[in-house]
Amino acid sequence: MGELALAIVIPAGMAIAAYLVVGLVIGVESMGVPLPGETTLIAAALLASQGHLRLEFVIGAAAAGAIIGDSIGYYIGRKAGRGLFERLGRRFHHFSPDRILRAEKYFQRYGIWTVFFGRFVALLRIFAGPMAGTLRMPYPQFLAANAGGGVAWAATIGIVAYNIGDNADKIFGQLSIWALVVLVLAGIAAYTYYKVRRKQPEPQPESADVQG
């Protein structure tokens, strides 16, 4: 990754095109197409660290692509329904029935937190928009989680990649795994708390003393 970024020189006047590419790749990935969105963001952040691009514009392009792409994916999923994943599963292994089932379980259990934290997980980053639309998540809730997650992801990945350099791709690969682990553990804890609260008997009101 670092060697590739070092070999790329952005010609004068072409920086805008580079930002558009960052936003486009991440946006298309967020619509449900398996493209290397996170790798593109890391490469652009490395170029920014070498002075070829401006980091704030890289982060802005990535966040905009994530938010817009997820929103388009949401409406595609809402319109096409579950049949969309069945058709994609016949063409792309990323949409295998097992992966679709796992993504659906995350949404049913953790709701908007799946959209927010899912931006940091490769599997959920692709599924978030279309799956939220298919499951009819209210759009205002989706948009809030989508925008928050998109900005947090773009800023975190961009800033860290800008500062750590060549090892960024490997580090974020591990980060995605741990983000998934944290999401699952948080969901289990919330579900356990919910079940325990349901089993607790409701306090009975004290009967008033009857004055004879």
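Author: Gladly! Let's begin with a term: a nonpolar core is a set of buried Ala, Val, Leu, Ile, Met, Phe, Trp, Tyr and Cys residues joined through side-chain atoms within 4.5 Å. Keep in mind that this is a predicted model.

Reader: What makes the residues around Ile26, Leu41, Leu53, Ala62 and Trp153 a nonpolar core?

Author: They belong to the largest such set, which has 24 residues, and these five have the most contacts inside it. Membership requires burial, so each of them lies under 20% relative accessible area. Helices α2 (15–30), α3 (37–49), α4 and α9 (139–164) each give two or more residues to this core.

Reader: Which residues does Ala62 touch, leaving out those up to four places away in sequence?

Author: Ala62 touches Val22, Ile26, Leu41, Trp153 and Ala154. A second, separate core of 17 residues includes Tyr106, Ala128, Ala132 and Phe142.

Reader: How do you know which helix has the highest confidence and which the lowest?

Author: Compare the mean pLDDT, on a scale from 0 to 100: helix α4 (residues 55–80) is highest at 93, and helix α1 (residues 2–7) is lowest at 43. The chain as a whole has a mean of 76.

Technical notes: Residues are numbered from 1 along each chain as its sequence is written. This is a predicted model: local features need pLDDT of at least 70, side-chain atom pairs count only at pLDDT 80 or more; totals for chains, interfaces and linings use all residues. Side-chain values use heavy atoms; hydrogens and water are left out. pLDDT is the predictor's confidence in each residue, from 0 to 100. Helices (H or I, at least four residues) and strands (E, at least two) are DSSP runs, numbered from the N terminus. Buried means under 20% relative accessible area, exposed over 50%, partly exposed in between (1.4 Å probe, protein chains only). Contact means heavy atoms within 4.5 Å.
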